[in-house]
Amino acid sequence: MTVRATDILKAIQKLNPAEKHRLREYLIDALTASSSTGTVLQEISERKNKNGYHCPDCESEHIVRFGKYSTIVGGEEVKKQRYRCKACKKTFTDLTYSALYRTRRLNQWMKFIECMIEGYSLRKSAELIGNVTHVTLFYWRHKLLSSLKQLEISNFQGIVEMDETYFLYSEKGQRKIKDRKPRKRGGSAKKRGISNEQVCVLVARDREKMTFSQVLGMGRLTKEQLDKAIGHKLSSENILCTDSWRAFKTYAAEKGMKIYQFKSDGKVRTKGLYHIQNVNNYHRRLKGWMQRFNGVATKYLNNYLVWFQVLESIQHQRNEVTMNDLIIRGNLIQNLETYDTLRLTKFTI
C-alpha cells in the first residue's frame, strides 16, 4: 500500500495541539539520529572537505593523513583525523582556524550554544556549564559570532523594507576612556536627537524575511554608506519601503528604483502592500533583546546584531537541530581571531 504525502499532511492536520507537539519532537529526534554524519564534527569535516582537502596555511592540495588526535564528544573520548601538508609541512585538522580551534570538549560548546539561544550572561553561562570561566566564554561567544558574521545573505527579492535605528556609542569594558567621563549602564547622550554620539544601524528586510543588519557609521545615514553596505544585494526590480530620510530617496533615484516613504509621525502607516511595519517590529524586538546586556561596546555591536539575526532565523528555538546547525555553520568559515585580537580590537567603519 502506497501512502501519499498529501494523505500524511491531512492526517497531521487532524491532530490536536498536544499530538502535533509530540510529533514535532519525534521528527526532530528522528532527523538528528538518522544523520549520516553521526556527530557534529563529522558533519563539519564532510562539508569542509566535499571539494577535496586544502591546507589552511598555503592552500596546497597535496595533503596526507598524519595520525589522529583525541577530543571529548558527549562525555566520551573520540579519535579524529589529523592531516599534513606536503608543501609547507604543517599539520592541521578539520577544526584548524575555526571557532572550535583548540577546543577539546565539544559537549561544553553545545551547552554554551544553549545559553546563547537563551541570551544568558557570560557569568550565568559559566555557572550552568561548569569548569569554564566567563572570560573563556567571552572568547567563545565572539569567535563564533565573528564567523557567523562572515556568512553572505542572498539577494533581496521584491519589496524591501529599510529603516535605520540608533545606539549610543559605547566603550564599555575600556579601562581608560578619553574625552569624557565613563557612563554607568549605558547612560544617555549629551545632545538631543541624532548626533555623532550615536551609531547608525541599518536594517533591511524583504517579505521572505531575508534580513540585513549592520553598523554603517556615526550619526545620520548617507547614500554612500547605503550603497556600499547593501547595494550589491539590490536591483532595479526591488521596490523600497523606507522612512522619510532623504538619503533613501536620493539612492533610489540614482539606481532607478521605485520607493515608498513613510513619515515617523505614523499618520500614514501603509500604502496598499507597502509599509515598513516589519522592519520597525524587528527594531522593537532587537532593542528589547539588547536591554539585557546593559549596554554593548560599539566595537562588538555587529556581533550582537548577527547574534540576534540568527536567533530570529531559528525563531529562538533551543533544540538539537538548531544547535547543531548553528555550531556547524559557525565552523565552516576560516577564523583567525584570538583572545587578544578580539579584546584589543577598535571600532572602525
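What we have here is a predicted model, in which local features need pLDDT of at least 70 and side-chain atom pairs count only at pLDDT 80 or more, while totals for chains, interfaces and linings use all residues. Residues are numbered from 1 along each chain as its sequence is written, and side-chain values use heavy atoms, with hydrogens and water left out.

In the contact between H4 and H11, Leu-106, Trp-109, Met-110, Ile-113, Glu-114 and Ile-117 of H4 meet Thr-322, Met-323, Asn-324, Leu-326 and Ile-327 of H11. By class, this contact has 8 nonpolar, 2 polar and 1 charged residues, where Ala, Val, Leu, Ile, Met, Phe, Trp, Tyr, Cys and Pro count as nonpolar, Asp, Glu, Lys and Arg as charged, and the others, Gly among them, as polar. The axes of H4 (residues 106-118) and H11 come within 10 Å and cross at roughly 110 degrees, which makes H4 roughly perpendicular to H11. Axes here are lines fitted to C-alpha atoms, for helices over the stretch in contact, and angles run from 0 to 180 degrees between N-to-C directions; under 35 degrees counts as roughly parallel, over 145 as roughly antiparallel, 65 to 115 as roughly perpendicular, and the rest as oblique.

H11 (residues 320-329) also packs with H3 (residues 40-48), at an angle of about 45 degrees and with the axes 10 Å apart, and H3 and H11 are therefore oblique to each other. On the H3 side the residues are Val-40, Glu-43, Ile-44 and Arg-47, and they meet Asn-324, Ile-327 and Ile-328 of H11. That contact divides into 4 nonpolar, 1 polar and 2 charged residues.

On a 1 Å grid over the protein atoms alone, a cavity is a set of points where a 1.4 Å probe fits but cannot get out, a pocket is an open set with protein on both sides within 12 Å along at least five of seven lines, and lining residues have an atom within 4 Å of a point. Grid points are joined across faces, edges and corners, and a volume is the space filled by probe spheres set on the points.

The largest pocket holds about 950 Å³, and of its 27 lining residues Leu-122, Phe-138, Lys-172, Gly-173 and Tyr-300 are the closest to its centre. H6 gives the most to this lining, with 5 residues, and by class the lining has 11 nonpolar, 8 polar and 8 charged residues.

The second largest pocket has a volume of about 690 Å³, and its lining of 25 residues has Leu-151, Ile-153, Thr-211, Val-306 and Gln-309 nearest the centre. Here H10 gives the most, with 6 residues, and the lining divides into 9 nonpolar, 9 polar and 7 charged.

Finally, the structure holds 3 cavities of 30 Å³ or more, and the largest cavity has about 40 Å³ of space. Met-116, Leu-144, Leu-145, Leu-148, Trp-307, Val-310, Leu-311 and Leu-326 line the largest cavity, a lining with 8 nonpolar, no polar and no charged residues, to which H6 and H10 each supply at least two.

How values were computed. Helices (H or I, at least four residues) and strands (E, at least two) are DSSP runs, numbered from the N terminus. Contact means heavy atoms within 4.5 Å.
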